[in-house]
Amino acid sequence: MWPSDSNNHRVTRRNVIIFSILLFGTLGTFLTFLLLRGGEQYYELRGFALGTSIRIVVSSRKINPKTIAEAILEDMKRITHKFSTIDERSVVKRINDHPGEWVEVDEETYSLIKAAYAFAELTEGAFDPTVEKLLEIWGFTGNYEDLRVPSSDEIEKTLKSVGYRNILLDNEHMRVMVKNGSKIDLGGIAKGYALDRARQIALSFDENATGFVEAGGDIRIIGPKFGKYPWVIGVKNPRGDDVIDYIYLRSGAVATSGDYERYFIKDGVRYHHIMDPSTGYPVRGVWSVTIIAEDATTADALSTAGFVMAGRDWRKVVLDFPRMGAHPLIVLEGGKIEKSETFKLFERE
């Protein structure tokens, strides 16, 4: 489920600040020079989808880039409705509303649910697309008007309906079933999928299109800046407005999960929306996890899984994630930064 921007006074959103400083910084003269360099201009479109702000920056010498940007934003809105847990048009809601029954779905839906299941298996349940009911009892659904600390009994009872193995998949007939009271929530992967779709759409118009798409701080590169330069991206300080690191990407994606995105404070304790599916409580011991990957779907799912796993053993994330094609930077509680050796490769051009 995606939040509304109207609750920013209590809830901030996952965020990697993109410092596309070479194009969109504060130096107007420099900006103009860059935008016109080589006759290539970037078109920027901002909007709202997936419960967060969208920024599309794209260039094409084959077609008006405005056409590409508008097509991308329209598709992101489509995905928002389709995979919401509350929208009446949502196929996910249709599955959740028929527990214990097989529900036929289209190929796109089936593939995304299957991918979510695969990431759950890969991370031994650290990424779990069935935490919806946990989010509900903590109040991290809808407009966050009922944020609260549930009782331990309530959490224990809810945990009985959590677990990705409660999702059944019928490959032959492309059907999905949820059992034991589980509900599917694709919020941990749909944004990444939408970003990958955005790149596909851009390249379908022009195979040489360049630029990037940002959704709530998660970023998918369409193509290198001016066809050859890296985009410079700043990683947000989870406890400040500054940047703790810079990375350089010509391709691929980056996503961050953090406890600063959606949270409330009760009796001096911060409670955030990233739940440990094994305990039913918000993960402790880590402030944020940033993942660089070849695609946004992987970066999105594994940033959530990495956050959960780093709360248990951050060394395992640093050592094991690169073998999954994910390169992590972890900010532990207290601000100490740990990162994989592979992440460091992206810290230079």
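Colleague: Why is Arg 89 called exposed?
Modeller: Arg 89 has a relative accessible area of 56%, and exposed means over 50%, buried under 20% and partly exposed in between, computed with a 1.4 Å probe and protein chains only, so Arg 89 counts as exposed. This is a predicted model, in which local features need pLDDT of at least 70 and side-chain atom pairs count only at pLDDT 80 or more, while totals for chains, interfaces and linings use all residues. Residues are numbered from 1 along each chain as its sequence is written, and side-chain values use heavy atoms, with hydrogens and water left out.

Colleague: What makes the pair Asp 87 and Arg 89 a salt bridge?
Modeller: The term requires a side-chain nitrogen of Lys or Arg within 4 Å of a carboxyl oxygen of Asp or Glu; the N to O distance between Asp 87 and Arg 89 is 2.9 Å, and the pair therefore qualifies.

Colleague: What are the accessibilities of Lys 339 and Glu 347, and how many salt bridges does the structure hold?
Modeller: Lys 339 is partly exposed, with a relative accessible area of 24%, and Glu 347 likewise counts as partly exposed at 24%; their closest N and O atoms are 2.7 Å apart in a salt bridge. Elsewhere, salt bridges that share partners join Asp 75, Arg 78, Lys 82, Asp 106, Glu 108 and Arg 197 into one network. The structure holds 25 salt bridges.

Colleague: Why is Asp 170 called buried, and what does it touch?
Modeller: Asp 170, in strand S4 (residues 167-170), has 12% relative accessibility and so counts as buried. Contact means heavy atoms within 4.5 Å, and, leaving aside neighbours within four places in sequence, Asp 170 is in contact with Trp 102, Tyr 110 and Arg 175.

Colleague: What makes strand S14 mostly covered, and which strands pair with it?
Modeller: Seven of the seven residues of S14 (residues 326-332) are buried, with Ala 326, Pro 328, Ile 330 and Leu 332 on one side and His 327, Leu 329 and Val 331 on the other. In a regular strand the side chains alternate between the two faces of the sheet. Two strands pair if DSSP finds at least two bridges between them; strand S13 (residues 286-293) runs antiparallel to S14 and is joined to it by seven bridges, and strand S15 (residues 337-339) pairs with S14 in the antiparallel sense over three bridges. Among the partners, Ile 292 is bridged to His 327 in S14, and Leu 329 to Lys 339 in S15.

Key: Helix = DSSP H or I, 4+ residues; strand = E, 2+ residues; numbered from the N terminus.
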